[in-house]
Amino acid sequence: MLEVIGLCKHYVLAGREVSVLESLDLRVEAGEFVAIRGASGSGKSTLLHVLGCLDRPSAGEYRFAGRPMQMLDDDALSAFRANDVGFVFQNFHLLPELTARENVALPFLYQGGVVKAGSDVDRVVGEALAQVGLAERAEHLPAQLSGGEMQRVALARAVVKRPRLLLADEPTGNLDSATGGEILDLLESLNRGGMTLIMVTHDESVARRAGRQLQLRDGRFDD
Amino acid sequence: MTERRLPFRTQRADLDFALQSLWRHRMRSGLSMLGIVFGVLSVLVLIGIGEGAKRETLAQIERLGTRNILVRAADLAPEQLQAARLRGSRGLIPDDAQRLRQLPGVVRIAQLREIKAAIHGLSRERVPALNAVSADYADLQRLEVQAGRPLLPSDQTERRLVCLLGGALAADLGRDGRPGGTLRIGHDICRVVGVLRRQDLGRNAAAPVAMRDFDQAVLLPLGADAAFAGGETLSELILDMGDSDKVPASVALVKRLLDIAHNGAADYVLVVPRELMRQASQTRRTFDLLLAGVALLSLVVGGVGIMNIMLVSVTERTREIGLRRALGARRSDIARQFLSEAVLLTAAGGLLGILIGTAVVLGIAYGAGWPAVLSVWTILPAFSLSLLTGLAFGAYPALRAARLDPILALRHG
């Protein structure tokens with residue numbers, strides 16, 4: 001489903017060029033669950049950002065479903081993020097002033113044309129919340145939720161538009177192992193439902209849940 | 001907990017979010033829109049009162065007649081009067097009228113003499129102005145006779161003790177105030193022959209010259225007043241030049257002639273309504289310019305306040321911006337979100353300014369008896385200007401928000 005060829009990412013930091021990703025090749029098939037492992041600073045988050053088109057590669061090619069993503073303009077990349085990708089972050093990134101339900105509905109603000117005909121935002125949002133087991137907490141504010149619940153809301157938000165690709169950046173990093181396990185269970189079940197899942201983690205036990213593990217070291221995959 | 005309706009399905013989403021966000025920081029929002037409130041308020045009040053005063057002023061000058069030149073006896077202190085007499089001036093007298101009548105272009109001259117004499121049968125607080133006038137005075141001042149007849153030239157030549165009453169005075173006098181009634185002035189009985197239509201001038205502090213209030217006046221034929229007035233000096237001459245374009249050329253001539261007759265004594269004043277009109281419109285242009293300056297300045301000040309608070313808001317919500325970008329918001333979506341907030345802020349400020357301004361203008365109009373003008377054509381531009389300020393000063397923060405790098409924004413704080 002997605003293919004990365006010779007991907008490089010450099011930053012200019014204090015006048016010096018810092019290389020984060022060096023000539024990466026990666027191919028992920030539809031329905032796969034891939035874990036990318038690496039120490040902090042290994043470039044795994046940057047890779048995830050490039051795959052989610054939040055960031056542009058310095059060089060190389062990124063094809064998603066055959067489309068050359070590096071050719072697209074900012075609006076087209078926004079549309080891609082709106083419709084084809086869901087993000088889950090380590091620190092949840094919920095808007096504190098919105099209820100769980102409103103947080104989950106947030107993606108419909110942008111390029112909302114993808115709402116399938118006949119489907120209604122309220123119902124779709126309700127289903128997403130039910131899917132993560134938070135139907136009863138829908139009207140709670142993030143501050144009234146536990147860490148695990150917050151990450152479940154974030155997960156519901158990431159998948160509410162049924163994207164083809166789910167990108168998770170240390171989704172269990174801020175949770176205790178039991179709660180983290182529940183989140184991983186949810187991710188797994190989503191993957192079983194057909195969603196392609198790429199997860200970045202430094203935790204080996206978490207990475208083991210994936211169908212395929214890749215180790216990133218200093219901007220390159222270990223062979 | 002009650003379910004709030006999701007604001008996500010309509011075009012109103014931006015507005016809803018902006019409202020929520022402004023309401024959350026209502027103290028800050030309120031303070032930051034004060035500048036706009038005062039800007040719009042001051043514009044409204046300045047226009048409302050300035051325009052009212054201007055209209056009144058023009059109406060009064062108009063009433064003096066732009067084709068007329070007025071010669072009024074100067075209000076002199078006793079020693080000044082003595083100095084004038086020593087120079088050989090006898091003040092403003094009928095002879096002056098005779099001389100001025102020789103000037104080319106003078107169609108007619110009306111004369112007025114103020115008289116001090118007691119009128120009986122009136123309460124003490126009512127002291128009507130007693131004026132002896134030539135027969136054409138009322139006509140030249142465009143005073144309408146509502147009932148009875150005007151003063152006639154024969155009243156003057158035959159020195160008939162008859163009078164015209166001002167509308168308000170006539171109403172106060174009741175039965176005696178109608179044509180056929182009588183009025184005791186000093187030791188004489190004066191027959192009322194006519195009543196003037198009320199003018200209801202109202203008070204106006206901005207009046208460029210002293211206006212006579214004919215509503216409270218008694219007009220007698222000039223000459224008939226000899227019994228109780230004594231003296232020959234006049235208070236006012238009105239030269240009808242027939243055409244307002246002939247006025248400027250004649251003014252210097254009138255002045256020269258009077259200076260010679262009065263031996264240079266400054267015991268008269270020339271009032272040229274046409275000139276006053278010109279000055280008034282010039283003053284108005286200056287005023288308009290000043291007004292525009294004040295409006296612009298206060299809106300710029302208000303706008304800078306808005307920009308400041310929006311920049312703070314963008315910084316505070318950097319992570320939110322990053323998240324929204326990750327969820328698919330385009331740069332234009334982010335820009336629109338913050339621009340909506342800025343415009344909403346200034347619109348609310350503008351609206352508040354209009355409300356308070358309207359109250360102030362109406363309050364002044366009611367309390368001070370000053371004419372006030374409030375129209376769609378002052379309110380609408382004031383409001384659109386406040387919207388425009390929001391757009392102009394909200395643009396930079398909105399653009400800054402839109403240009404944030406999503407990754408850096410997500411990692412912010």
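Colleague: In β10(A), which residue is the bridge partner of A:Leu216?

Modeller: This is a predicted model, in which local features need pLDDT of at least 70, side-chain atom pairs count only at pLDDT 80 or more, and totals for chains, interfaces and linings use all residues. Residues are numbered from 1 along each chain as its sequence is written, while chains are lettered from A and ligands numbered from 1 in the order in which they are written. Strands β9 (residues 212–217) and β10 of chain A run antiparallel and are joined by two bridges; strands (E, at least two residues) and helices (H or I, at least four) are DSSP runs numbered from the N terminus. In β10(A), A:Leu216 has as its bridge partner A:Phe221.

Colleague: Which strands of chain A stand at the edges of the sheet?

Modeller: Follow the order of this open, six-stranded sheet with mixed pairing: β6-β7-β8-β3-β9-β10 (chain A). Strands pair if DSSP finds at least two bridges between them. Two strands have a single partner each, so one side of each lacks a neighbour in the sheet: β6 (85–88) and β10 (220–221) of chain A.

Colleague: What angle does helix α1 make with β8(A)?

Modeller: Helix α1 (residues 44–51) of chain A packs on the sheet, touching β3, β7, β8 and β9 of chain A; contact means C-beta atoms, placed from the backbone, within 7 Å. Angles run from 0 to 180 degrees between N-to-C directions, with axes fitted to C-alpha atoms, for helices over the stretch in contact. For α1 and β8(A), the angle is about 155°.

Colleague: How are α5(A) and α6(A) oriented to each other?

Modeller: Helices α5 (residues 147–159) and α6 of chain A pack with axes 9 Å apart, at an angle of about 15°. Under 35 degrees counts as roughly parallel, over 145 as roughly antiparallel, 65 to 115 as roughly perpendicular and the rest as oblique. The two helices are therefore roughly parallel.

How values were computed:
Two residues are in contact if their C-beta atoms, placed from the backbone, lie within 7 Å.
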